[in-house]
Amino acid sequence: MKKNLSIIAILLVPIGVAINFVGGQIAGLLKLPVFIDVIGTILVSALAGPWLGAITGLITNLILGITAPTFMPYAIVSIAIGIVAGFCAKRKTFTSFKGLAIASVAIWAITQITAIPITVYVFGGVTGSGTSVITAFLAAAGQSLWQAVFTTSLITETIDKVISVIVVYYIIKAVPTRTLLQFPLGNIYVKEDTNKSSDW
């Protein structure tokens, strides 16, 4: 079996979905102004590549969409995040803080490009999430729908994606070398972190 389709890499997908699901449920129940539902997608992408990351994002949105249909249209956003995060990982952006900044910007940008039109055209700017309160406030203050959605996204997605990328970075740092080497992109982190013990 090809390395990028190894059993352990495939088994990482349900773990990523579970992480996303828990984050999404917490954000939804508490009406948080962030989503924290792509940490698992980014983690899978960083360790197993863009395509398994994209699959993780897709499955997550399909599952979340069972109880909250608003997640369904955003599946394309999660797929795009998985792909971008995977290609960023191949460029070793998850191995340094400078790289994390680049990855955060890239993931943030693709989120804006894909999510804002969905929010405006499909939901009229109101999705029922915690971010809708900010959008409604900005619209009431005189901003157009597009401006209100963009401003809301600019604030919330910046915080959300930076947090998600940093969390993934520290998760990877905590994974033993022997485990990392089982993943398609694991050697990237082993080479960068010479302090990890191969005896783990």
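**Values and their labels**

Author: Gladly! Let me start with N20, whose side chain reaches the backbone nitrogen of I39 at 3.3 Å. This is a predicted model, so local features need pLDDT of at least 70 and side-chain atom pairs pLDDT 80 or more, while totals for chains, interfaces and linings use all residues. Residues are numbered from 1 along each chain as its sequence is written, and side-chain values use heavy atoms, leaving out hydrogens and water.

Reader: What makes the pairing of the N20 and T60 side chains a polar contact?

Author: Their distance is 3.0 Å. A polar contact is a pair of N or O atoms within 3.5 Å; within protein, one must be able to donate a hydrogen and the other to accept it, and residues adjacent in sequence count only if both atoms are side-chain atoms. So the N20–T60 pair falls inside the cut-off.

Reader: Why is N20 called buried?

Author: Because its relative accessible area is 1%, and buried means under 20%, exposed over 50%, partly exposed in between (1.4 Å probe, protein chains only). N20 sits in helix α1, helices being DSSP runs of H or I with at least four residues, numbered from the N terminus.

Reader: And why is K173 called partly exposed?

Author: K173, in helix α7, has a relative accessible area of 39%, so it lies between the two limits.

Reader: How far apart are K173 and I55 in sequence and in space?

Author: They are 118 residues apart in sequence and 24 Å apart in space, C-alpha to C-alpha.
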